[in-house]
Amino acid sequence: MGSNNLPSSWASCRVSDVVDSLKGKKPERLTTQPKDGFLPYIDIEAFEKGVINRFGDAASSRLGEKGDVLMVWDGARSGLVGQLDREGAIGSTIAILSPLLDELDRKYLFRFAQSKYDRINTNTRGTGIPHVDPEFFWNLDFPIAPFNEQKRIVAKLEKILAKVNDAKDRLETIPRILKRFRQSVLAAACSGRLTADWRKKNPKTSLPESFKRKLPDEIELPDTWASVSVGDVITNLKYGTAKKCEHDGKGVPVLRIPNIGDGVIDHSDLKYATLDKKELEALRLDVGDILLIRSNGSVSLVGKTAIIRKSEIGFAYAGYLIRLRPDQKLVLPEYLNFSFSTFDVRLQIEVPARSTSGVNNINSDEVRKLRIAIGPLSEQEEIIRRIEKLFKLADTLEARYAKAKKFVDKLTQSILAKAFRGDLVPQDPSDEPASELLKQLQERK
């Protein structure tokens, strides 16, 4: 029953030798308001998010007490464990894990089960809704430390994992910071603030006279800039094809909503369609064209754009997209593409696009009326260069974040593994060996 890899004072058994379980059950009555005779209802949502939205009738519930170890028994998160921080009514998809041994610390049991989550979750049963495989779970090897050492391990884990969780929380702020950084760059770039120093060195640049008359009094822009509508700077706007597309590779590649990446085209899920000569000529994409999503269930995707590069020349596009063809004598395609991602333009798109029907839209007239700020072509070139340079820096930081997150995500399991092979805290020769605890359990049976 022992293990050569464990300290001599430890013992090893199966989970079923020292742990019992009791499935929860759905109360006969639930309420969204706390009242006498009802307890917080612990279902998967409450278990995962720590938010109690319902309360169960205590008289008809399976009750758990503060400190109980809970495991999600049914569902996609099967094997996920936690500890109750209050008395509660346990839902039918949750099981209470109870030590059969008084000298088995519940926090020690919780951390052990946590260390096995990946294995339990990937060895489930059920063709529809997965659930914990009893044969797999109950036969897991359970390394038991002496009772006093269990306490020391738990105390050490609480201290270390608190620091790991703090590191995770800090890391999770980085994507939000980088998103705000990119938005700030775009806001500064598409209002002229980013290139204020450039204009001092290049004072002779100017816009066409027709643009200067379109500047509303309330908009603060450099003297050489103007506020114009998208319709003023494009030569063509056209909806895509409604023809059915397939993955069979026959015909012309047809770009769809999934192909609209972050400003560029994503080729990972291309579909194809056979188009007649006339339709193909009308929908043919060229370098510098911009595709815009005109309809989607997610309002944040409506108005999202991507620019066409050399690799997409000759492609067509589907009906939920609109092609904009910039007038490159007035606006550089890259600048117009960036403009669609600014907060000001997103606000113009999202507020009118929102729909109670579940499908949010922007039509061609609304696209043409969108207002953007624009500077001279030479300044647009400088703006594009600076945006790309700053975005490249953000991409580098994002890659470092992803690498750090991957490391930290593995850190908890690495620390838990160390704890349950006896390497986290030193052994104390005066501790009663765990084998004696198991012997006492056998005698009581």
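An open sheet is built from 4 strands in the order 2-10-7-8, with antiparallel pairing. Strand 2 (19-23) and strand 8 (81-83) are its edges, each pairing on one side only. Direction ignored, neighbouring strands of this sheet are turned by 30 degrees against each other on average. The model is predicted.

Strand 7 (residues 69-72) and strand 10 (residues 94-99) are antiparallel and share 4 bridges. Within this pairing, Met71 has Ala95 of strand 10 as its bridge partner.

## Helix 3 across the sheet

Helix 3 lies across strand 2, strand 7, strand 8 and strand 10. Relative to strand 8, helix 3 runs at about 160 degrees.

How many residues of helix 3 are buried? Of the 10 residues in helix 3 (residues 106-115), 8 are buried, so the helix is largely enclosed by the rest of the structure. The buried set is Tyr108, Leu109, Phe110, Arg111, Phe112, Ala113, Gln114 and Ser115.

The N-terminal end of helix 3 is capped by Asp105. A side-chain oxygen of Asp105 lies 2.8 Å from the backbone nitrogen of Lys107.

## Strand 17, covered on both faces

In a regular strand, side chains alternate between the two faces of the sheet. Strand 17 (residues 290-293) has both faces covered. Ile290 and Leu292 are on one side, Leu291 and Ile293 on the other, and all are buried.

Which strands pair with strand 17? Strand 19 (residues 305-307) runs antiparallel to strand 17 and is joined to it by 3 bridges. Strand 21 (residues 321-326) also pairs with strand 17 in the antiparallel sense, over 4 bridges. Leu291 has a place in both pairings: its bridge partner in strand 19 is Ala306, and in strand 21 it stands opposite Arg323.

## Arg346, a buried arginine

Arg346 sits in helix 11 (residues 343-353). Is Arg346 buried or exposed? Its relative accessibility is 12%, under the 20% cut-off, so Arg346 counts as buried.

A polar atom of the Arg346 side chain lies 3.3 Å from the backbone oxygen of Val299. Val299 is also among the contacts of Arg346 once neighbours within four places in sequence are left aside.

Definitions and conventions. Residues are numbered from 1 along each chain as its sequence is written. This is a predicted model: local features need pLDDT of at least 70, side-chain atom pairs count only at pLDDT 80 or more; totals for chains, interfaces and linings use all residues. Side-chain values use heavy atoms; hydrogens and water are left out. Buried means under 20% relative accessible area, exposed over 50%, partly exposed in between (1.4 Å probe, protein chains only). Helices (H or I, at least four residues) and strands (E, at least two) are DSSP runs, numbered from the N terminus. A polar contact is a pair of N or O atoms within 3.5 Å; within protein, one must be able to donate a hydrogen and the other to accept it, and residues adjacent in sequence count only if both atoms are side-chain atoms. Two strands pair if DSSP finds at least two bridges between them. Axes are lines fitted to C-alpha atoms, for helices over the stretch in contact, and angles run from 0 to 180 degrees between N-to-C directions. Contact means heavy atoms within 4.5 Å.
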